[in-house]
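Welcome, and please load the model in your viewer. We will go from stop to stop, selecting a few residues each time.

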Amino acid sequence: MRRFWTLFWVVVFLWGLAAGASAITITVDGNLFVEEGEPDWGVDTSSFGENDNNWDPGVPGVFVWQEDEVGENDGFVDPGYGGQNYDVEAVLATFDANYLYVAIATGFPQIGREYGSDWYDAGDIAFDVGADGSWDYALVISTYVDGNDNREAEIDNSIQEVELRGFYKVFSWQGVSVSDHSVSNPFRMKSGTQKGTVDESKFYYVADDPDLPRYIIEAAIPLSLFDEPFTSIKIHWTMECGNDYGEVVAHTPEPASILLAGAGLFAVSMFLRRRRREG
Ligand SMILES: [Ca+2]
Ligand SMILES: [Ca+2]
Ligand SMILES: [Ca+2]
Ligand SMILES: [Ca+2]
């Protein structure tokens with residue numbers, strides 16, 4: 001019987017390990033460093049230049065998209081132009097038991113950018129639950145419209161003020177303003193209903209480098225704000241002109257945990273079978 005309990009606790013331990021395996025601990029503080037006594041994404045940007053930096057910490061369970069490059073001379077950032085000012089450099093995502101964590105690196109500021117007689121605004125972080133091609137939720141990370149902090153949208157069938165850090169189920173989206181850049185859609189929520197608000201301590205959109213236009217957007221979104229549980233989600237961000245965009249698919253750690261639990265149950269059943277044979 002002692003051997004059974006030993007095996008039992010090994011299975012429980014493996015289960016616990018699997019549940020937490022893919023989650024590094026994130027500190028939502030507007031940077032991606034690992035500082036003393038403070039875990040984080042593990043990306044130290046202090047030595048980063050303007051382009052070609054490695055944003056991937058190489059940690060299992062941290063999903064990374066990166067395209068930190070600006071084309072020679074013409075400032076091409078794909079699909080549009082504009083150089084570092086419009087570069088979307090990286091999108092990182094990971095989970096723990098309660099939150100979806102997202103980090104975005106970009107040359108584009110929260111207030112937006114004035115360009116000639118135009119003004120381009122920062123987009124919402126868009127979420128496609130199931131990564132099935134339908135964009136379902138928006139996290140509002142900028143309430144600026146043409147440089148003024150007075151954004152409104154159709155919420156629950158009436159025109160209302162949009163809340164910074166508001167998390168919305170989206171009914172319809174606004175596309176990017178440059179029609180050639182439709183690959184960068186969606187841009188911002190046009191109509192929807194509010195599911196909740198990300199806490200002030202769980203959201204940052206801050207300058208990361210004194211010498212560069214580079215901003216870090218970091219947020220922790222409670223999984224309880226989503227209507228339905230999910231195993232995969234696509235995360236997307238762009239700006240009004242859609243010069244550049246970033247997109248990553250993240251998977252919850254559950255499948256690994258189920259797999260390991262299954263392996264554990266198999267081991268227990270083999271053990272019991274052997275005991276029966278011996279007894
Ligand atoms: Ca951080
Ligand atoms: Ca860059
Ligand atoms: Ca880019
Ligand atoms: Ca979807």
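A word on metal sites before we select one: donors are N, O and S atoms within 2.8 Å of the metal (3.2 Å for Na, K and Ca), and water is not among the atoms, so sites may look incomplete. This is a predicted model, in which local features need pLDDT of at least 70 and side-chain atom pairs count only at pLDDT 80 or more, while totals for chains, interfaces and linings use all residues. Residues are numbered from 1 along each chain as its sequence is written, chains are lettered from A and ligands numbered from 1 in the order in which they are written, and side-chain values use heavy atoms, with hydrogens and water left out.

**Stop 1: calcium, ligand 3**

Select the calcium ion (ligand 3) with E67, D87, V88 and D244. The protein donors here are E67 (O), E67 (OE), D87 (OD), V88 (O) and D244 (OD), at 2.2 to 2.8 Å from the ion. Along the chain they follow the spacing E-x19-D-V-x155-D. Helices (H or I, at least four residues) and strands (E, at least two) are DSSP runs, numbered from the N terminus. Are D87 and D244 buried or exposed? Both are buried, a word that stands for under 20% relative accessible area, with exposed over 50% and partly exposed in between (1.4 Å probe, protein chains only).

**Stop 2: calcium, ligand 4**

Move on to the calcium ion (ligand 4). Its protein donors are D128 (OD), V129 (O), D132 (OD), S134 (O), S134 (OG) and D136 (OD), lying 2.3 to 2.6 Å away. The donor residues are spaced D-V-x2-D-x1-S-x1-D in sequence. Why is the arrangement around the calcium ion (ligand 4) irregular? The six donor atoms subtend angles of 65 to 171 degrees, which makes it so; six donors count as octahedral if opposite donors are over 155 degrees apart and all others between 65 and 115. Colour by accessibility and you will find V129 buried at 11% and D136 buried at 15%.

**Stop 3: calcium, ligand 1**

Now select the calcium ion (ligand 1). T27 (O), D29 (OD), N31 (O), D40 (OD), D40 (OD), E218 (OE) and E218 (OE) are its protein donors, 2.2 to 2.7 Å from the ion. The spacing of these donor residues is T-x1-D-x1-N-x8-D-x177-E. N31 counts as buried, at 13% relative accessibility.

**Stop 4: the aromatic rings**

Show the side chains of Phe, Tyr and Trp next. How many aromatic pairs does a search of the whole structure find? There are 14, where rings of Phe, Tyr and Trp (its six-membered ring) pair if their centres lie within 6.5 Å, and planes under 30 degrees apart count as stacked, over 60 as edge-to-face and the rest as tilted. Zoom in on Y86 and F108: their ring centres are 5.6 Å apart and their planes at 45 degrees, so this pair is tilted. Y86 lies in the loop between β1 and β2 and F108 in the loop between β3 (99-106) and β4 (113-115), so the pair ties together parts 22 residues apart in sequence. Y86 and F108 are buried.

Then try F167 and F226, an edge-to-face pair with 5.0 Å from centre to centre and 65 degrees between the planes. F167 is in strand β12 (residues 166-174) and F226 in the loop between β15 (215-222) and β16, 59 residues apart. F167 is buried at 0% relative accessibility, and F226 is buried at 5%.

**Stop 5: the nonpolar core**

Finish with I125, F127, I233, I235 and W237, the residues with the most contacts inside the largest nonpolar core, which has 36 residues. Such a core is a set of buried Ala, Val, Leu, Ile, Met, Phe, Trp, Tyr and Cys residues joined through side-chain atoms within 4.5 Å. Its largest share, four residues, comes from β2. Apart from this core lies another of 16 residues, among them I24, W55, Y101 and I216.

Conventions:
Four donors count as tetrahedral if all angles lie between 85 and 135 degrees; four count as square planar and six as octahedral if opposite donors are over 155 degrees apart and all others between 65 and 115; anything else is irregular.
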